[in-house]
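Have a look at the model first, then read on.

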Number of protein chains: 2
Amino acid sequence: VGLRTPYLLFIGDAPDQLAAKTAAGVAFWRPDVCLGQLRLPGCKADLGLPDITIAQAAKAGVKTVIVGTTNRGGVLGDGWEPLLVQALELGMDLASGLHHRLTDIPVLRDTAVRCGRQIADVRHPTQEFAVGNGIRRPGKRLLTVGTDCSIGKMFTALAIDREITARGGKCDFRATGQTGILIAGDGVSIDAVVSDFVSGAVEWLCPANDPDHWDIIEGQGSLFHASYAGVTLGLIHGSQPDALVVCHEPTRPHMRGLPGYKLPDLKLCIDRNIEAAQLTNLDVRCVGLSINTAGLDEAAARDYLRGTEARLGLPCVDPVRTGVGAIVDNLSV
Amino acid sequence: VGLRTPYLLFIGDAPDQLAAKTAAGVAFWRPDVCLGQLRLPGCKADLGLPDITIAQAAKAGVKTVIVGTTNRGGVLGDGWEPLLVQALELGMDLASGLHHRLTDIPVLRDTAVRCGRQIADVRHPTQEFAVGNGIRRPGKRLLTVGTDCSIGKMFTALAIDREITARGGKCDFRATGQTGILIAGDGVSIDAVVSDFVSGAVEWLCPANDPDHWDIIEGQGSLFHASYAGVTLGLIHGSQPDALVVCHEPTRPHMRGLPGYKLPDLKLCIDRNIEAAQLTNLDVRCVGLSINTAGLDEAAARDYLRGTEARLGLPCVDPVRTGVGAIVDNLSV
């Protein structure tokens with residue numbers, strides 16, 4: 001992909017904060033490159049950034065306009081197209097995490113060609129990948145896995161990447177989903193890759209590196225999710241992880257989108273992920289757990305983290321409440 | 001897909017029998033619908049079918065010309081296009097298991113449109129699939145799995161389908177790869193599906209059915225193959241198998257395409273496949289092993305089958321040497 005920064009975050013008429021969650025993630029993790037937000041009448045979301053127009057963004061040096069929400073119907077809303085055309089004409093690129101491709105909209109595609117600008121539909125990989133070869137490569141890799149989807153794998157990976165960087169370690173965050181790609185400016189939306197090439201795409205994403213360099217790889221899905229476990233397994237095998245961090249949310253009633261399925265036991269989840277990862281890296285170990293305790297009060301959260309740590313004998317953190325330092329300590333970075 | 005029969009098998013100038021292996025599979029399993037073969041000068045393969053021309057095929061009632069080999073360069077060979085155009089003009093459809101799409105060849109695509117004919121590039125799914133929902137559905141399902149790729153999963157599934165049919169049972173073979181699709185006339189090339197939708201595509205492929213009906217599902221890859229295990233896991237979860245048959249070849253030196261990887265132990269392979277399948281069907285059991293003993297002499301093959309059967313306590317057959325009756329006995333069809 002290779003997105004140029006800085007960004008303008010376009011959130012249209014997002015009906016609530018959740019509808020702008022992709023843009024909110026970018027604003028949270030990359031405030032340094034987010035020069036402003038563009039909201040249309042009726043927008044109920046707020047990223048806490050200055051409201052600026054397309055013309056102001058161009059003048060301020062924005063290089064990419066991020067489409068960080070979707071219209072209620074799923075595609076672009078009324079009046080959005082002219083704004084995005086204007087952005088292209090003023091020399092800015094477009095990037096989008098939507099299911100529908102901006103490049104499928106003729107006026108945008110034609111304008112981009114005419115102006116020599118890039119449109120990145122980051123949910124849709126455009127490269128061809130090789131089949132995974134399973135050959136061990138130098139460099140260290142950490143992969144976040146989880147008991148379920150949407151349980152903090154991206155957030156945890158970004159927090160660990162930031163912590164290692166703050167300690168002066170060598171690392172890169174490797175994005176595997178659309179929000180992560182917009183944050184990192186690069187990556188592969190792994191669940192949109194043809195299934196035969198998933199592990200190969202991951203091998204490409206986190207290639208051979210210095211022996212003391214860590215790739216911090218954003219996980220996807222869960223080995224225990226009946227819809228997506230295959231994606232997760234290909235991601236595990238391609239990552240050849242040295243370290244796994246298991247993400248969990250203790251108050252979730254059932255697997256996301258699957259009312260009939262309970263979340264797995266944490267110990268079982270650790271064991272199965274280790275088993276799976278050993279196929280391509282016998283040295284893999286679980287280095288900690290990352291728990292989203294937002295649904296618990298302060299005391300209950302502390303008890304849960306301490307109790308789980310004692311039970312499993314592994315660092316157990318909440319990236320928001322406690323930070324991920326205890327996990328990074330366990331990496332010996 | 002929905003291929004119309006009978007077929008003409010086109011094998012071009014296949015340099016050896018292996019190059020025509022897709023066509024050979026169709027000829028072996030569907031001799032009833034293969035009216036002939038079409039070979040070009042230099043062809044070294046022979047399917048044991050009458051050699052007929054495109055015109056003779058049309059006159060004999062052939063409905064689909066199967067492109068069952070590839071040119072040495074990977075695409076169509078010299079002089080192939082006019083023959084395939086002629087087939088379309090004489091009212092026949094085309095079907096191909098090649099990586100390159102016939103529909104990407106303008107003259108074929110245009111002729112098909114003009115003549116109202118179908119071109120089925122069976123390696124490339126054209127449907128959109130839903131995400132898997134993991135909801136149990138009625139009907140019985142058997143899935144073939146294996147220690148490695150290309151180890152007899154399609155052959156075993158077809159043999160079991162045939163045996164159940166011969167005993168008067170209700171069953172359907174469900175194809176998940178290009179040769180299987182050409183044999184069945186329908187199916188989904190599962191490794192070409194976008195990874196997010198693999199288990200959903202399999203749910204579509206073997207839907208709810210009568211309680212005493214068996215879907216016999218062709219497996220793909222292996223949970224122990226570093227390149228393709230994710231495809232296999234999605235296939236297992238979408239199948240919700242009641243029964244697994246583990247396929248193996250005892251003389252294979254390493255995992256196909258991965259010289260650094262040994263084949264797994266059979267017991268471990270059974271256990272891991274059962275574990276994986278239990279996510280969507282707690283009642284799953286392994287009903288037998290299907291061993292390709294072609295690399296062993298008669299006595300060694302017999303010893304291997306008997307020894308493995310005693311060690312694992314499961315029916316252990318070679319579909320070619322012994323037939324699959326012992327496995328079907330264990331299904332209580």
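Is W29(B) buried or exposed? W29(B) counts as buried, at 8% relative accessibility (buried is under 20% relative accessible area, exposed over 50%, partly exposed in between, with a 1.4 Å probe and protein chains only). Bear in mind that this is a predicted model, where local features need pLDDT of at least 70, side-chain atom pairs count only at pLDDT 80 or more, and totals for chains, interfaces and linings use all residues. Residues are numbered from 1 along each chain as written, chains are lettered from A in the order written, and side-chain values use heavy atoms, leaving out hydrogens and water.

**Aromatic pairs**

- Over all chains there are 10 aromatic pairs (Phe, Tyr or six-membered Trp ring centres within 6.5 Å; planes under 30 degrees apart are stacked, over 60 edge-to-face, the rest tilted).
- One of them joins F129(A) and W204(A) edge-to-face, at 5.6 Å centre to centre and 70° between the planes.
- That pair links distant parts of the chain, 75 residues apart: F129(A) sits in the loop between strand 5 (119-121) and strand 6 (140-146), W204(A) in helix 7 (residues 198-205) (DSSP runs numbered from the N terminus: helices H or I, at least four residues; strands E, at least two).
- F129(A) is buried at 12%, while W204(A) is partly exposed at 45%.
- In chain B, the F28(B) and W29(B) rings have centres 5.2 Å apart and planes at 80°, so they're edge-to-face too.
- F28(B) is partly exposed, at 48%.

**Aromatic cluster**

- F28(A), W29(A) and F155(A) make up one aromatic cluster.
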